[in-house]
Amino acid sequence: MPHSNSSARRGRVSLARGASPWLLPTVATAAVSLAKARRSGRWAAAAVPATALAAGMLWFFRDPEREIATGRVISPADGVVQSIMPWKDGRTRVAIFMSPLNVHVNRAPLAGTVTSVEHIPGGYVPAFNKESEFNERVVWHFDTEIGDVEMVQIAGAVARRIVPYVPQGTKVEQGERIGLIRFGSRVDVYLPEGVEAAVEVGRPTRAGETRLDRD
């Protein structure tokens with residue numbers, strides 16, 4: 001029985017934009033070492049870790065298609081809900097921890113206009129640590145039908161580069177790719193006042209597919 005176009009798109013996996021500075025050197029090194037391994041035992045020994053590293057990079061920077069869920073706010077990141085915290089201004093912060101094995105491409109939690117994209121320098125402690133509040137980050141604000149929604153991409157101990165895909169003023173669709181955090185990290189979404197979180201701490205999330213708010 002043939003698959004539908006939707007199923008075919010969902011099964012398609014490409015590579016994330018912004019991966020090339022890490023991916024190209026490792027793949028090139030693996031290719032060279034494999035080519036020379038036929039004539040040299042030394043190169044054959046080097047080919048094993050080089051090929052393993054290249055395969056790991058291809059896995060880390062995968063960017064699968066997703067069937068976007070319905071709901072006011074959807075998860076911008078693959079990972080696990082690390083905390084759900086009420087904020088003094090009435091908002092609720094949902095923090096999602098991304099391990100190095102998760103997909104690193106982040107998606108817009110709502111449809112709207114990007115009103116600001118601000119890079120804030122900081123440290124690189126592990127994203128599950130309380131001190132990660134002071135890590136390097138990119139703070140996003142979206143003008144949406146439920147008001148201003150803030151999303152924060154936070155670098156971790158391994159993730160040393162956050163790559164926004166869209167600039168301020170861009171209109172985005174819900175679930176649209178908006179940026180990349182290389183390797184493990186954290187993404188926070190601030191649900192507006194009056195919007196209740198539907199997820200629980202410890203629950204896994206998938207970017208574009210897991211709904212964060214409750215009716």
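User: Which residue in β8 stands opposite histidine 141, and how do β7 and β8 pair?

Analyst: Strand β7 (residues 137-144) and β8 form a hairpin, with two residues between them. The two strands pair in the antiparallel sense over eight bridges. Within this arrangement, the residue of β8 that histidine 141 faces is glutamate 150.

User: What is the bridge partner of isoleucine 154 in β12?

Analyst: Besides pairing with β7, strand β8 pairs with strand β12 (residues 185-191), again in the antiparallel sense, over six bridges. For isoleucine 154, the partner that β12 supplies is arginine 186.

User: Is alanine 207 buried or exposed, and what is its relative accessible area?

Analyst: Alanine 207 lies in the segment after β13 (204-205). Leaving aside neighbours within four places in sequence, the residues in contact with alanine 207 include Arg66, Pro76, Asp78 and Val105. The threshold for burial is under 20%, so alanine 207 is buried, its relative accessible area being 1%.

User: What distance separates the C-alpha atoms of alanine 207 and isoleucine 68?

Analyst: Alanine 207 and isoleucine 68 are 139 residues apart along the chain. In the predicted model, the separation of their C-alpha atoms is 8.5 Å.

Note on methods: Residues are numbered from 1 along each chain as its sequence is written. This is a predicted model: local features need pLDDT of at least 70, side-chain atom pairs count only at pLDDT 80 or more; totals for chains, interfaces and linings use all residues. Side-chain values use heavy atoms; hydrogens and water are left out. Two strands pair if DSSP finds at least two bridges between them. Helices (H or I, at least four residues) and strands (E, at least two) are DSSP runs, numbered from the N terminus. Buried means under 20% relative accessible area, exposed over 50%, partly exposed in between (1.4 Å probe, protein chains only). Contact means heavy atoms within 4.5 Å.
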